[in-house]
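Morning, everyone. I have one structure to walk through today. Let me put it on the screen.

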Amino acid sequence: MSLPFALARSLDLTDPATFAAHDPRDIWPEIRQREPVYWHEARDGRPGFWVVTRHADVLACYSDAAGLASGRGTVLEVLLQGDDPAGGKMLAVTDRPRHRSLRRLMLRAFSPRVLGHVAERIASRTSRLIASATALGEFDFATEVAEQLPMGIICDLLSVPEQDRKQLLEWSKSALAAEGPDDGALDSVSARNELVLYFMDLALDRRAAPGDDVVSMLATSEVDGARLTPEEIALNCYSLILGGDESSRMAATAAVKALAENPAQWRALRDGETGTETAVEEVLRWSTPGMHFARTATKPLTIGGSSVRTGDIVTLWNTSANDDEEVFASPRSFDLARTPNKHVALGHGSHFCVGAFLGRASLRSLLDSLTRSVRHIEVHGTPERVHSSFLFGHHSLRVSFEG
């Protein structure tokens, strides 16, 4: 149920508790209609910022890389504390012209041509996990399956030693979200630092003795005529871990939850009446794990009729854009046959997710494995949401699968 305009407009979008208490889909409908671009006032010593909610405006902002820069930061929590220290070093927070060169390098490692063989490994891993989990009876899908899928594949690509992977997963889970309000901001900062330090050490090792993996490629390649520093290599590995692991875990868990809650859609998928390709796109739209991305205006702009000043922070709310009634018919319906499906769950424009192929392959394998092995999905208890102002999803989803 959508929130009344006055209540929705008063919410503090910097507070993780806002999104623990309210489904993001409930926040935006009245705002999109009455004040689709608004100024979120400064609170608790943090600066104010613009909130952009309509699909057309969000798309236009993503497309304006010159007027809306990423280099100061793209996650609100980080940007409100000052410039992101990864600016100009990590692809996601780098602007042109360096962004173009760095993106070209990253796409070499994550193109469909290079990753074609990885899709087969994803399918095999997924089938094994689903089979093992089904035998457990009631189990936590988020931890038993969703946590194991993307991290394993990404660690394979980076050739992370097996004994280090459990620790990387723990750091990844803490870096952008917490499992509850008692997990402090210091835990997130520490987790990010540990991830970067780990990959700096790994980058130095691979530069000295390169292998056939992404870290080695980054360590031995040049961008604009110079090798990446160990910090730059580490930050881009960190970005791959967070983007590939966190977002994919949230989307996979959301998929199972939505299938259980929409049995007619599950039957249509299982019986082959709905194709997996359209189903993957609807899961991405429905889940939208990255609720927003932020930009900084480099010049005066007009967005949705509002005058934005140079230096203003502008937040693009994917969760709202992906529910925009002007673009999606019955957006509050989970429709696995939805087409067209012009969602922005993976971003848009020059900063479109470099791991999109991998993320889609992971979801495709999950849906294929479920349709082959599972007849009925039942959710037990109340799923537990992550505590974050950036990432939306559930860190716990107890279910049982009936084969």
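I'll take a sheet, then a helix, then the nonpolar cores.

Two housekeeping points. This is a predicted model, so to speak of local features we need pLDDT of at least 70, side-chain atom pairs count only at pLDDT 80 or more, and totals for chains, interfaces and linings use all residues. Residues are numbered from 1 along each chain as its sequence is written, and side-chain values use heavy atoms, with hydrogens and water left out.

Start with the sheet. It is open, with three strands in the order S4-S14-S11 and antiparallel pairing. Strands here are DSSP E runs of at least two residues, helices are H or I runs of at least four, and both are numbered from the N terminus. Two strands pair if DSSP finds at least two bridges between them. Which strands sit at the edges? Strand S4 (138-140) and strand S11 (376-379), each pairing on one side only. Neighbouring strands are turned by 35 degrees against each other on average, direction ignored.

Now the pairings. S11 meets strand S14 (residues 398-402) in the antiparallel sense, over four bridges. Ile377 stands opposite Phe401 in S14, and His376 has Glu402 of S14 as its bridge partner. On the S4 side, S4 and S14 are antiparallel too, over three bridges. There, Phe139 stands opposite Val399 in S14.

What packs on this sheet? Helix H14 (residues 230-261) does, touching S11 and S14. Its direction makes about 100 degrees with that of S11. Axes are lines fitted to C-alpha atoms, for helices over the stretch in contact, and angles run from 0 to 180 degrees between N-to-C directions.

Look at Arg249, in helix H14. Why does Arg249 count as buried? Because its relative accessibility is 5%. The scale: buried is under 20% relative accessible area, exposed over 50%, partly exposed in between, with a 1.4 Å probe and protein chains only. Leaving aside neighbours within four places in sequence, Arg249 is in contact (heavy atoms within 4.5 Å) with Ala146, Glu147, Pro150, Leu169 and Lys173.

Last, the cores. A nonpolar core is a set of buried Ala, Val, Leu, Ile, Met, Phe, Trp, Tyr and Cys residues joined through side-chain atoms within 4.5 Å. The largest has 48 residues, and Leu158, Phe199, Leu218 and Leu358 have the most contacts inside it. H14 gives the largest share of this core, eight residues. A second, separate core of 35 residues includes Ile130, Ala255, Val280 and Phe334.
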